[in-house]
Amino acid sequence: MEKLSTDAEKIMIERFGKDNIIALATTVDNKPYVRSVNSFYDKGSFYVLTYGRSDKMKQIQQNPLVAIAGDWFTANGKGINLGYFGKKENLDIAEKMKVAFSEWINNGHNNFEDENTCILQIELTDGVLFSHGTRYDIDFTE
């Protein structure tokens, strides 16, 4: 397994640096849960706009180890609740999310005045990426 190469990072950005659907798996009490989520990739993490009281966030609070899969990529990581979308500390990533999710972010489904509207960061630890016959085994840790 190698550190994230320039070539692999370029593919990650091209493929996932915009709104994408990925499968997100959580595990609680040895029982797996999988769901599809809108996400986008930025600097070794995927970001998801979600509700802090959702089952996925409750499961991540109990066990932050997660797995994802999407478009010829699978990975393990750690789920981190960054808190309220509108929090000052989240300004930079929230602005990127507004751009990535511009087609639907303001469709009325999200209540940005509710402090339970939060950002889930999926901090990647390791993954496997396939592109045009090349396999990249990636170590995302620093």
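The questions and answers below go through a predicted model of one protein.

Visitor: How many helices and strands are there in the protein, and in what order do the elements run?

Guide: The protein has 3 helices and 8 strands. Read from the N terminus on, the order is β-α-β-β-β-α-β-β-α-β-β.

Visitor: What is the radius of gyration of the protein, and what does the globule rule give for its length?

Guide: The C-alpha trace spans about 45 × 35 × 25 Å along its principal axes. For 142 residues the globule rule gives 14 Å, and the protein is close to that, so it is as compact as a globular protein of that length. Its own radius of gyration is 15 Å.

Visitor: What percentage of contacts between residues at least 6 apart in sequence join residues at least 24 apart?

Guide: Of the 142 residues, 45% count as buried. Among contacts between residues at least 6 apart in sequence, the share that joins residues at least 24 apart is 68%.

Visitor: Which residues are in contact with Ile122, leaving aside its neighbours within four places in sequence?

Guide: Ile122 is one of the core residues that touch the most other members. With neighbours within four places left aside, its contacts are Ile22, Leu24, Gly44, Ser45, Phe46, Val48, Val66, Ile68 and Lys78.

Visitor: How many residues are in the other core that lies apart?

Guide: Among the residues of this other core are Tyr47, Ile93, Trp104 and Ile119. The core lies apart from the largest one, and its number of residues is 13.

Visitor: Is Asn110 buried or exposed, and what is its relative accessible area?

Guide: Asn110 is found in the loop between α3 (91-100) and β7. A polar atom of its side chain lies 3.1 Å from the backbone oxygen of Ile105. Beyond its neighbours within four places in sequence, Asn110 is in contact with Leu49, Trp104 and Ile105. Buried means under 20%, and Asn110 is buried at 18%.

Visitor: How many residues apart in sequence are the parts that Asp139 and Lys3 tie together?

Guide: Asp139 forms a salt bridge with Lys3, with the closest N and O atoms 3.4 Å apart. Because Asp139 lies in strand β8 and Lys3 in strand β1 (residues 2-3), the pair ties together parts of the sequence whose separation in residues is 136.

Visitor: About how many helical turns separate Glu95 and Lys98?

Guide: The closest N and O atoms of the Glu95 and Lys98 salt bridge are 3.2 Å apart. Glu95 is partly exposed at 39%, and Lys98 is partly exposed at 38%. The two residues are 3 apart in helix α3, so their separation is about one helical turn.

Visitor: What is the phi of Asp71, and what is that of His132?

Guide: Most residues other than glycine have a negative phi. Asp71 lies in the loop between β5 (65-69) and β6 (73-84), and His132 lies in the loop between β7 (117-131) and β8 (134-139). Asp71 counts as partly exposed, whereas His132 counts as exposed. Neither is a glycine, yet phi is positive, at about 40 degrees for Asp71 and about 50 degrees for His132.

Technical notes. Residues are numbered from 1 along each chain as its sequence is written. This is a predicted model: local features need pLDDT of at least 70, side-chain atom pairs count only at pLDDT 80 or more; totals for chains, interfaces and linings use all residues. Side-chain values use heavy atoms; hydrogens and water are left out. Helices (H or I, at least four residues) and strands (E, at least two) are DSSP runs, numbered from the N terminus. Buried means under 20% relative accessible area, exposed over 50%, partly exposed in between (1.4 Å probe, protein chains only). A nonpolar core is a set of buried Ala, Val, Leu, Ile, Met, Phe, Trp, Tyr and Cys residues joined through side-chain atoms within 4.5 Å. Contact means heavy atoms within 4.5 Å. A polar contact is a pair of N or O atoms within 3.5 Å; within protein, one must be able to donate a hydrogen and the other to accept it, and residues adjacent in sequence count only if both atoms are side-chain atoms. The radius of gyration is taken over C-alpha atoms; the globule rule is 2.2 Å times the number of residues to the power 0.38. A salt bridge is a side-chain nitrogen of Lys or Arg within 4 Å of a carboxyl oxygen of Asp or Glu.
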